[in-house]
Amino acid sequence: MKNKVNVKRLVLGIILILAAIFFVQAPFASWLNRAFFSSNSEKALPVPPLLEDLDPSPKKGEFQLTARRSVKDFGNGMKAETYGYNGDYLGPVIRLRRGENVSIHLKNLLDDITTVHWHGVELPGKMDGGPHNGIQPNEEWTAQFTVNQPAATLWFHPHPMYNTGEQVYKGLAGLIYIEDEVSDRLNIPKDYGVNDFPLVVQDRRFENGGMPYNLSMMDIMQGFQGDTILVNGAINPYLEVPKGKVRFRILNGSNARIYHFRFTGDTPFWQIASDGGFLEKPVKLNQAVLSPAERAEIIVDFSGFKTGERMELLDGNVSVMKFVVTDKAAKDVEIPERLTTIPKPDPSTAQRTRKFVFQGMGSMVNINGKQMDPARIDEEVPLNATEIWEISNAGMGMMGGMMGVAHPFHAHGVQFQVLERNGEMPPENERGWKDTILVQPGETVKAIATFQYEGIFMYHCHILEHEDAGMMGQFIVK
Ligand code: C2O
Ligand code: CU
Ligand code: CU
């Protein structure tokens, strides 16, 4: 008898509370979301800090990075040993301007040799931070270069010989933004942390109370595949977004996983930039495929959403992160019809075509039958030459390895334009600057580039387990 009364009261109480919430929905929506998410111990998306420029003059930049060990609580009961640049995990965003002369110092407080490579930056080989630029523990190295390429979202990460996979896995990666007159002029979302957010997406495997980098047989074949997705170092975080257009600069910072990004209900979005900068015009998409090291800048329009409405970023059907629409009005920005003009090199002016065949499996992965040898230069490219590089994936069967694995091709110090994918025009969102090009089993991609900087550079598969196994070569520009 007594129990029944209590149940009735409880139900009535709940109905009253729900009704109250319904009537005052809007102001409480974001509070509710926060309460809901925090009770599920879910985290707000961490937004990495912008790294302070230590040089006050506008034509110069000076930045300090420190690589160090740490322990990070990922909120899933796991306290993992991590590495970070200036923090526990990942690093700050380094914002540069075209024309600026920059010095970036890296102090190595790890117990191992490291390097810091500026992925996507066009600069001389000496400053590239490849395996030849090793920094001993407790030493500091300085890269100095002049920014001379269009606005883009690039990144930095370690590149020590045979040990890149582990150092990146533990957390060493950060973003570089380049801005220029074109990005200044465009009326697109550009308020950092307000309507312009970096999303560094990685997969990790939590086990034995931590996040050890233990490679199984499968990992050696396909590259490391985790079971937990992190965005900016947080597991399935949420982000409050203004009711309007929001720009996301997505980096696939994973060692090997390829993502098929889409939003709930296949909500369309616009890709505005690829690896090396803006596309000529925005490309409307329902899905964006990003292989390791590739970037895409996209704009999502939340203006048709209700306050408190949620949307998810998915990888196939797996939730990557959530968005909660707030009642904050967004700045009036556009999805412009034209973004920039990309000069198109004429393929008939190419001095030569070089072929790179990615083949083999597991520890036998190789390019053109060769594995990385630091003492061997594989290709010599004349300074300022324009060349076509034809990259193919031997695919299944004897040469490609029984299973056939996708290989994201990457070369240092240069940006390419894809001319052809399997004999056809590349898809629209692959018609801008690219430094990392996904080549699926059996595919052949032709890309063109002009090599404007001297020095020794790497080309390799950006599945870091393949790179570390020797799927890498060196070219010299002179
Ligand atoms: Cu992202 Cu050889 O590098
Ligand atoms: Cu690189
Ligand atoms: Cu590979």
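**A copper site and its surroundings**

Modeller: Let me begin with one side chain, His407, which counts as buried because its relative accessibility is 2%, and buried here means under 20%. Please keep in mind that this is a predicted model.

Colleague: What about the copper ion (ligand 2), which protein donors does that have?
Modeller: The copper ion (ligand 2) has His117 and His410 as its protein donors, each through its NE2 atom, lying 1.9 Å from the ion. This pair links distant parts of the chain, since His117 is in strand E5 (residues 117–119) while His410 is in strand E25, 293 residues apart.

Colleague: Are those two histidines buried or exposed?
Modeller: His117 has a relative accessibility of 0% and therefore counts as buried, and His410, with a value of 0%, counts as buried too.

Colleague: Let's zoom out, how many helices and strands are in the chain?
Modeller: The chain has six helices and 31 strands. It contains 478 residues, of which 56% are buried. If you take the contacts between residues at least 6 apart in sequence, 74% of them join residues at least 24 apart.

Colleague: Speaking of surface, which residues make the nonpolar patch?
Modeller: Leu215, Met217 and Ile220 make a nonpolar surface patch of about 260 Å². Met217 sits in helix H5 (residues 217–222), and Met217 counts as exposed because its relative accessible area is 57%, where the cut-off for exposed is over 50%.

Colleague: Now the strands, what does E15 pair with?
Modeller: Strand E15 (residues 269–274) pairs with strand E16 (residues 277–285) in the antiparallel sense, over five bridges, and E15 is also joined by three bridges to strand E18 (residues 295–301), again running antiparallel. E15 and E16 form a hairpin with two residues between them, and there Ser274 has Gly277 in E16 as its bridge partner. On the E18 side, Trp270 stands opposite Ile299.

Colleague: Is E15 mostly covered or mostly open?
Modeller: E15 is mostly covered, with five of its six residues buried.

Colleague: One last thing, in what order do the strands of the six-strand open sheet run?
Modeller: The order is E22-E21-E24-E29-E26-E27, and the pairing in this open sheet is mixed. Its edge strands are E22 (366–367) and E27 (433–434), each of which pairs on one side only. Within the sheet, strand E24 (residues 386–393) and strand E29 (residues 444–450) are antiparallel partners over seven bridges, and Thr386 has Thr450 in E29 as its bridge partner.

Conventions. Residues numbered from 1 in each chain as written. Chains lettered and ligands numbered in written order. Predicted model: local features only at pLDDT ≥ 70, side-chain atom pairs only at ≥ 80, totals over all residues. Heavy atoms only, no water. Helix = DSSP H or I, 4+ residues; strand = E, 2+ residues; numbered from the N terminus. Buried < 20%, exposed > 50% of the residue type's maximum accessible area, 1.4 Å probe, protein only. Contact = heavy atoms within 4.5 Å. Pairing = 2+ DSSP bridges. Patch = residues over 30% accessible without salt bridge, like charges linked within 9 Å, V, L, I, M, F, W, Y side chains within 5 Å. Areas by Shrake-Rupley, 256 points an atom, 1.4 Å probe, with all protein chains shown as cover. Salt bridge = Lys/Arg side-chain N within 4 Å of Asp/Glu carboxyl O. Donors = N, O, S within 2.8 Å, 3.2 Å for Na, K, Ca; no water.
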